Amino acid sequence: METRSRRRSSVVILSALLVIAVGGWAGIQYLRTRLGGDGCDNTTQLAVSAAPDIAPVLTELARSVPEQDCYAVSVSASPSPTTVEALASGAGGADVWVPEASTWLLQARDAGAWNLPESGQSIASSPVVLGLTGKTAEKYGQFPAWQPILDHEAVGLPDPAHDAAGIAALIGVRKLSKDDAAFTAAMRKLSPPQPAVEPMSEQHAVTHDLVPAYADVPGFDYPYVLLPKASEAARQAAERFLKVLLDQGSTQSFASAGFRTPDGQVRSPKQGVNPATRPVAEPAPDAMYGVLQAWAGANLSARIQVLLDVSGSMAATVPGTGKSRMELTIQAAIQGLGLLKPTTELGLWLFSTKLDGDKDYQELLPVRALSDQIAAGGVEKLKAVKPKPGGATGLYDSILAAYQSARQNWKSGRINLVVVLTDGRNEDKDGISLDKLKAELAKLQDPRKPLPVIGIGVGPDIDATELQAVSNATGGQSFATADPRKISDVFYQALSKIMCQPPTCKK
């Protein structure tokens, strides 16, 4: 009986243990099912937009994030100008942005992404150099200086408004110039990008078998920037991924791709790289704006917002011509386009009174490159413009609206202008006064970002004093003639003044 009792007890114990084991296994399976099989309630998706040169490294390191860390990183390679446009329009979908240089953050803020951080955490660095090829490289030897190259070679410069290496190179040229005149002369020697010599990152040079020439210029600092629209979960994931990028174990990935550490250390020296070179601080805003404005003047690169009067008086026939004021104005404007570079950005608003509901103004052509305007039929649209029958001249409200738009969309690296073409004085009694307009324009002034109003007035109804007062409030200038037959003369006079910058033309 005792043996049978012992056997029964053993069976009971084993059965209980089996039930516990099965129950435990089922519980684990239940939890795994509930938590997605990897210990996470949810896997946070972190979207990173990165400059094309560094995106492959970030993609490689993103794959190293363990599943149990509960976040996944997707990296998209996006040119910085494209990202700037997306952020300015509010269309950007990324949580983190990694541009080549911190100067892009300032340019993005200028473009309208006002809530963007002013700085980010550098995750790598690369000096800006002149890349030399073939016999040119042999001529100057190892680690050559910039000055002899600038003196004797055709150095190409990418548009600094769209390329951070261009900004750095301009700052380098400025440091090497003894005065403003010498700086302007040096800039005019620069040409579009050349296959032999042009500024670029050291990383690009060494990965394309070019010989880098060094100078004391700002380099690329690759800031890791958390964007304002990121969710709280994405923010936490971004912080964790940043730790991965800064971890010592990630150093080899950056080094293998030709990047230095954030403090400029070379961990895996490549042939031709100068390990003694150290990062130069990113340029202060004043320095950046200064060289970009000088470049715009030297290369006649502009962004022009045109305001064209379509009030009823523009239909008046000009004696001896058989054409209306509008026809002569449009004819002069089309001819004047030939004075502008194809890369000049141009937009056109029409104005009268109550042209668009209660507004005195209406956009006809959005701002875009002149070559694009022509290709899209912009000249034909301009030729088709007709005066508004009975329309008066809503000058002040229209100027203020156009100026506010141009200020909001002010672009570095270009001569930014608002050009007003009119045949009359302000006639909108319901609009703002001249004093109010001047006061509002004064509030919108920024010495670092000049935006003059250029007034062009034609016809006997022009108030030249009124037009000049508006221009004066913005540092601009007005041109007027009472004889509409001279519209071409005054138009060319204005354009010549606009597009001729110091020191060649003194103001």
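Start with the largest pocket, which has a volume of about 700 Å³. A pocket here is an open set of points on a 1 Å grid over the protein atoms alone, where a 1.4 Å probe fits, with protein on both sides within 12 Å along at least five of seven lines. Its volume is the space filled by probe spheres set on those points, which are joined across faces, edges and corners. Select Glu-85, Ala-88, Ala-111, Asn-409 and Lys-411: of the 29 lining residues (an atom within 4 Å of a point), these are the closest to the pocket's centre.

A quick note before you click on: this is a predicted model, where local features need pLDDT of at least 70 and side-chain atom pairs count only at pLDDT 80 or more, while totals for chains, interfaces and linings use all residues. Residues are numbered from 1 along each chain as its sequence is written, and side-chain values use heavy atoms, with hydrogens and water left out.

Now colour β13 (359-369). This strand gives the largest share of the pocket lining, 6 residues. Strands are DSSP runs of E with at least two residues, helices are runs of H or I with at least four, and both are numbered from the N terminus.

Next, select β9 (302-309), which also supplies at least two residues of the pocket lining.

Strands pair if DSSP finds at least two bridges between them. β9 runs parallel to β14 over 7 bridges, with Val-306 partnered by Val-419. Another 7 bridges join β9 to β12, also in parallel, and there Gln-305 stands opposite Gly-347.

In a cavity the probe fits but cannot get out. Val-306, Ala-333, Leu-337, Leu-346 and Leu-382 are the closest to its centre among 22 lining residues.

Last stop: Ser-125, in the loop between β4 (121-122) and β5 (128-132). Ser-125 is buried, with a relative accessible area of 5%.

Technical notes. Buried < 20%, exposed > 50% of the residue type's maximum accessible area, 1.4 Å probe, protein only.
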